[in-house]
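Try each task before reading its solution.

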Amino acid sequence: MDKDKIELRREDVTRYIMPLREGGSLPALAEAADDFRYVLKFRGGGHGSKALVSELIGGEVARRAGLRVPELVFLDLDEDFGRTEGDEEIQDLLQASRGLNLGLHFLNGAFAWDVTVNRTDPFEASKIVWLDAFLTNVDRTARNTNMLLWNNELWLIDHGSSLYFHHNWTGWEQASLSPFAYIKDHALLPQASMLAEADEYMRGRLDDAFLDAIVAAIPEEWLVQAAPEIAPEEQRRVYATFLKQRLSNSKIFVDHAIEARKKLI
């Protein structure tokens, strides 16, 4: 069995429970055929399938690095699903999302991570800062941490704002070799005092074979919808090359993060 192969479970959505009115993508709490509840991310919302690609790559890279991320599951929406929904905005979203979507296992009873109250150890903070600089994730700030406290542990959610180069597909090669300017706003940067150690650790956990595997796991229908003018094979090549070049040149964004932290403390 290929240890690097990414295999997500696939389930049918059976019940739309309620919208989660956070951000512009309007995710929902839903139940699937396995009787579990999921935060359902729709291919028809916000940035569409590009956000789902970012969520898949970001979540599974974080998991590979030993960080806690809810299970990701492919969720199918039947073409008849949502026709009885009374809210027209939600009905339009459901109809636009027919087919394959993405769900995160719902962490019942979790609380939003508040950096003014909750603390994690410097090494974990450093790994998360490294992760977000690697993925160019602009959305883990003190105002919106996209982290949860569940069972007294820190869990990461919502990587949909990562890999922002794919919103126009130009300059991706330069982006792969650039520092990440937005790291100065990262919620955990003040606590991230072990960035050099985190770099060594993360480079030991990630490799080209794994990055190829995660890109191979992206559903083709997402790629077709996200950028119909670019062949799926070419999109996969760009994603894989971007991630590999960023990994092999991590010193660029790590040194920048270290310097950004010095200005905060």
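A residue counts as buried when its relative accessible area is under 20%. Keep in mind that this is a predicted model.

**Exercise 1.** Decide whether Trp130 is buried or exposed.

*Solution.* Start with the relative accessible area of Trp130, which is 1%. The cut-off for buried is under 20%, so Trp130 is buried.

**Exercise 2.** Classify the aromatic pair formed by Trp130 and Phe253, and find which helices hold the two residues.

*Solution.* First, take the angle between the planes, 70°. Next, locate the partners: Trp130 lies in helix 3 and Phe253 in helix 9 (residues 250-262), so the pair ties together parts that are 123 residues apart in sequence. Finally, check Phe253: with a relative accessible area of 2%, this residue is buried.

**Exercise 3.** Describe how helix 3 and helix 8 are arranged, and name the residues in contact.

*Solution.* Begin with the axes of helix 3 (residues 122-135) and helix 8 (residues 232-248): they come within 10 Å and cross at roughly 135°. That angle makes helix 3 oblique to helix 8. The crossing is right-handed. Now list the contact: helix 3 contributes Trp130, Ala133, Phe134 and Leu135, while helix 8 contributes Phe242, Leu243, Arg246 and Leu247. Sorting these residues gives seven nonpolar, no polar and one charged.

Key: Residues numbered from 1 in each chain as written. Predicted model: local features only at pLDDT ≥ 70, side-chain atom pairs only at ≥ 80, totals over all residues. Heavy atoms only, no water. Axes fitted to C-alpha atoms, helices over the stretch in contact; angles between N-to-C directions. Helix = DSSP H or I, 4+ residues; strand = E, 2+ residues; numbered from the N terminus. Parallel < 35°, antiparallel > 145°, perpendicular 65-115°, else oblique. Left-handed = near helix turned anticlockwise from the far one by under 90°. Contact = heavy atoms within 4.5 Å. Nonpolar A, V, L, I, M, F, W, Y, C, P; charged D, E, K, R; others polar. Phe/Tyr/Trp six-rings, centres within 6.5 Å; stacked < 30°, edge-to-face > 60°. Buried < 20%, exposed > 50% of the residue type's maximum accessible area, 1.4 Å probe, protein only.
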